[in-house]
Amino acid sequence: GELSSRALTRESLSSMVMTMTSRRPIQPSPLGLIVLWLLVARPMHVYGMQKLIETFGKDKVVNVRSRASLYQALERLVRNDLVEVHETVRSEGYPNRVVYAVTDAGRVAAAQWLRDMLRTTGTEYPEFIAAVSVLVGLEPDDARAQLQERADRLAAELAETDAVLAENPGLPRLFRASGPTR
């Protein structure tokens with residue numbers, strides 16, 4: 001009895017650890033980035049996050065019209081150990097409010113996501129805009145380095161496009177418009 005339940009517990013723990021370590025890294029998202037940086041500032045509940053997002057104009061960058069999107073983002077961040085429940089505040093006459101806090105792993109992820117979104121080109125909207133909106137999360141030299149890497153990548157992409165256009169002089173003017181059209 002007791003020995004087999006202990007073995008089952010060990011097996012369950014081993015399975016849980018294997019599941020945790022084999023989990024794919026969480027995919028960054030603009031809303032996740034904003035939520036992490038709000039929680040880096042201080043623990044807060046969903047309603048407070050939504051109001052701060054609106055107050056700071058970040059609702060122009062991420063969609064928080066319905067609180068459901070915030071709850072979904074938080075659920076994903078909690079599931080991936082980037083955010084945790086800090087406390088539940090009980091007030092008479094009001095529903096309980098769950099206060100969330102960022103974990104150490106969440107702080108690391110917030111900085112990494114911010115760096116990635118700043119320097120990466122390509123499918124950047126709204127990632128780049130979201131990253132710029134929390135740019136103060138990085139030290140100035142770090143932010144400058146990420147933006148310089150982005151500028152270098154954009155310059156390389158532009159040079160590549162110019163080379164392709166130069167190799168194809170017969171393209172219609174629409175595709176050659178590198179200067180003002182006449």
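In which strand does His45 lie? Hold that thought while you get your bearings.

**The whole chain**

Start with everything shown. This is a predicted model. The chain has 8 helices and 3 strands. Walk from the N terminus and the elements run α-α-β-α-α-β-β-α-α-α-α. Colour by burial next: of the 182 residues in the chain, 31% are buried.

**Stop 1: His45**

Select His45. Here is the answer: His45 lies in strand E1, which covers residues 44-45. Show the side chain of His45 and that of Arg97. A polar contact of 3.3 Å links the two. Leave aside residues up to four places away in sequence, and His45 touches Arg97, Val98 and Val99.

**Stop 2: helix H3**

Select residues 46-55, which form helix H3. Which residues of H3 are buried? They are Val46, Gly48, Met49, Gln50, Leu52 and Ile53. Now bring up what surrounds them. The cover over these buried residues includes H2, E1, helix H4 (67-79) and strand E3 (97-102). Then step off the end of the helix. Just after H3 you find Gly57, with a positive phi of about 75°.

**Stop 3: H3 against H4**

Two packed helices are described by the angle between their axes and the distance between the axes. For H3 and H4, the angle is about 115° and the axes are 10 Å apart. The crossing of H3 past H4 is right-handed. To see the contact, select Val46, Tyr47, Met49, Gln50 and Ile53 on the H3 side. On the H4 side, select Arg67, Leu70, Tyr71 and Leu74. By type, the residues of this contact are 7 nonpolar, 1 polar and 1 charged.

**Stop 4: H2 against H5**

Select residues 30-41 for helix H2 and residues 104-119 for helix H5. At what angle do H2 and H5 pack? The angle is about 130°, and their axes are 9 Å apart. That angle makes H2 oblique to H5. Their crossing is left-handed.

Now show side chains at the contact. From H2, pick Pro30, Gly32, Leu33, Leu36, Trp37 and Val40. From H5, pick Gly106, Arg107, Ala109, Ala110, Ala111, Trp113, Leu114 and Met117. Colour them by type: the contact of H2 with H5 has 11 nonpolar residues, 2 polar and 1 charged.

**Stop 5: Arg119**

Stay on H5 and select Arg119, which lies in this helix. Is Arg119 buried or exposed? Its relative accessibility is 17%, so Arg119 counts as buried; the cut-off for buried is under 20%.

Show the side chains around Arg119. Another, at 2.5 Å, joins the side chains of Arg119 and Gln146. Finish by widening the selection. Apart from residues up to four places away in sequence, Arg119 touches Gln112, Gln146, Glu149, Arg150 and Arg153.

**Where you have been**

You began at His45 in strand E1. You crossed from H3 to H4 at about 115°, then from H2 to H5 at about 130°. You ended at the buried Arg119.

Notes: Residues are numbered from 1 along each chain as its sequence is written. This is a predicted model: local features need pLDDT of at least 70, side-chain atom pairs count only at pLDDT 80 or more; totals for chains, interfaces and linings use all residues. Side-chain values use heavy atoms; hydrogens and water are left out. Axes are lines fitted to C-alpha atoms, for helices over the stretch in contact, and angles run from 0 to 180 degrees between N-to-C directions. Helices (H or I, at least four residues) and strands (E, at least two) are DSSP runs, numbered from the N terminus. Angles under 35 degrees count as roughly parallel, over 145 as roughly antiparallel, 65 to 115 as roughly perpendicular and the rest as oblique. A crossing is left-handed if the near helix is turned anticlockwise from the far one by less than a right angle, and right-handed if clockwise. Contact means heavy atoms within 4.5 Å. Ala, Val, Leu, Ile, Met, Phe, Trp, Tyr, Cys and Pro count as nonpolar, Asp, Glu, Lys and Arg as charged, and the others, Gly among them, as polar. Buried means under 20% relative accessible area, exposed over 50%, partly exposed in between (1.4 Å probe, protein chains only). A polar contact is a pair of N or O atoms within 3.5 Å; within protein, one must be able to donate a hydrogen and the other to accept it, and residues adjacent in sequence count only if both atoms are side-chain atoms.
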